[in-house]
Amino acid sequence: MTLGLAPIPVGRAVQVKVPATTANLGPGFDTLGLALSLYDNLTVTVRDARGASVEVIGVGAGEVPTDESNLVVTAIRHTFAEYGYALPGLDLVARNAIPHGRGLGSSGAAIVSGVMAAKGLLDGFVDIDSNALLAIATGLEGHPDNVAPALFGGLTIAWTSDDTPQHKKLMVHRGVSPLICVPESTMSTELARSLRPASVPHEDAIFNVSRSALLIAALIQSPELLLDATEDKLHQSYRAAAMPGTESLITELRSHGLAAVVSGAGPSILVLCSDPAQRLEAAELVAKHTATHWQTLMLAVDFKGATVIPHPVEALV
């Protein structure tokens with residue numbers, strides 16, 4: 001079961017909890033991300049029989065693979081391989097609440113679930129630090145803007161230095177009250193990314209630099225600036241035609257002074273409200289917008305990020 005290393009004991013189990021995330025936040029394309037209080041929960045147990053089986057409860061049940069091709073299993077296998085271990089036999093139970101294909105980081109959450117599960121299963125054999133967790137998760141996801149907040153919680157700034165992903169976690173002002181509006185339709189991240197132009201005007205780039213800087217100040221210190229701070233010229237307008245319902249509701253919310261943006265690749269909408277009262281106002285406006293059915297989620301900012309429940313470490317023999 002291992003490549004010349006001590007085997008992971010049969011019966012060892014870990015429980016992992018990973019938050020949903022919303023990326024970009026308007027102007028912070030591929031850079032800013034926020035963890036939210038909506039979670040996927042995973043239990044993984046090492047078994048004697050080879051291979052892996054996955055039971056999915058909740059979101060994705062009957063839709064996602066339940067064998068070794070499952071993205072969580074792929075992430076566990078990849079993490080094990082990074083440290084010279086082959087994948088042991090595994091039983092997985094995934095209790096999912098994060099909507100799929102809606103711009104709330106479901107694939108990033110699956111990857112982080114697998115990476116964190118591997119960290120827990122390898123506890124006592126291998127020490128995987130936060131830098132390694134981010135590097136492995138980013139390698140699988142392709143970009144760090146979702147996996148960074150999923151791993152570490154809070155507001156994260158992600159960047160790459162010498163091909164190595166980096167992050168900075170910031171605490172969000174206690175008045176900031178996120179509202180997520182989730183439609184019934186889905187959106188492919190690959191399609192959303194394909195709609196971006198190869199280049200943008202210089203003045204648009206400058207515009208987004210200023211708004212991204214302002215957004216950090218608004219989120220950590222001055223929520224009253226959120227409307228101006230969430231303006232964007234780099235990606236949302238190019239994707240609007242593919243998500244007309246999203247574009248229509250964002251336009252209406254912003255016309256009422258509410259900081260509404262596309263959540264990740266969409267089609268969900270993130271409304272960054274400056275206080276709970278404003279969030280109630282936003283939810284009422286969404287309820288009146290009957291052209292598309294929207295599920296509204298009043299969520300908190302998750303400050304912990306992914307957690308793995310510790311277990312006794314067996315003596316290595």
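Strand β3 (residues 52-58) and strand β4 (residues 89-96) pair in the parallel sense over 7 bridges; two strands pair if DSSP finds at least two bridges between them. Strands (E, at least two residues) and helices (H or I, at least four) are DSSP runs, numbered from the N terminus. The model is predicted, with local features needing pLDDT of at least 70 and side-chain atom pairs counting only at pLDDT 80 or more, while totals for chains, interfaces and linings use all residues. Residues are numbered from 1 along each chain as its sequence is written, and side-chain values use heavy atoms, without hydrogens and water.

An open sheet is formed by 4 strands in the order β8-β9-β7-β10, with antiparallel pairing. β8 (259-262) and β10 (294-298) each have a single partner strand, so one side of each lacks a neighbour in the sheet. Neighbouring strands here are turned by 20 degrees against each other on average, direction ignored. Angles run from 0 to 180 degrees between N-to-C directions, and axes are lines fitted to C-alpha atoms, for helices over the stretch in contact.

In this sheet, β7 and β9 run antiparallel and are joined by 5 bridges. Pro178 stands opposite Leu272 in β9.

| Helix | Strands | Angle |
|---|---|---|
| α9 (residues 244-255) | touches β8, β9 and β10 | about 165 degrees with β8 |
| α10 (residues 276-288) | lies across β7, β9 and β10 | about 15 degrees to β7 |

Technical notes
Contact means heavy atoms within 4.5 Å.
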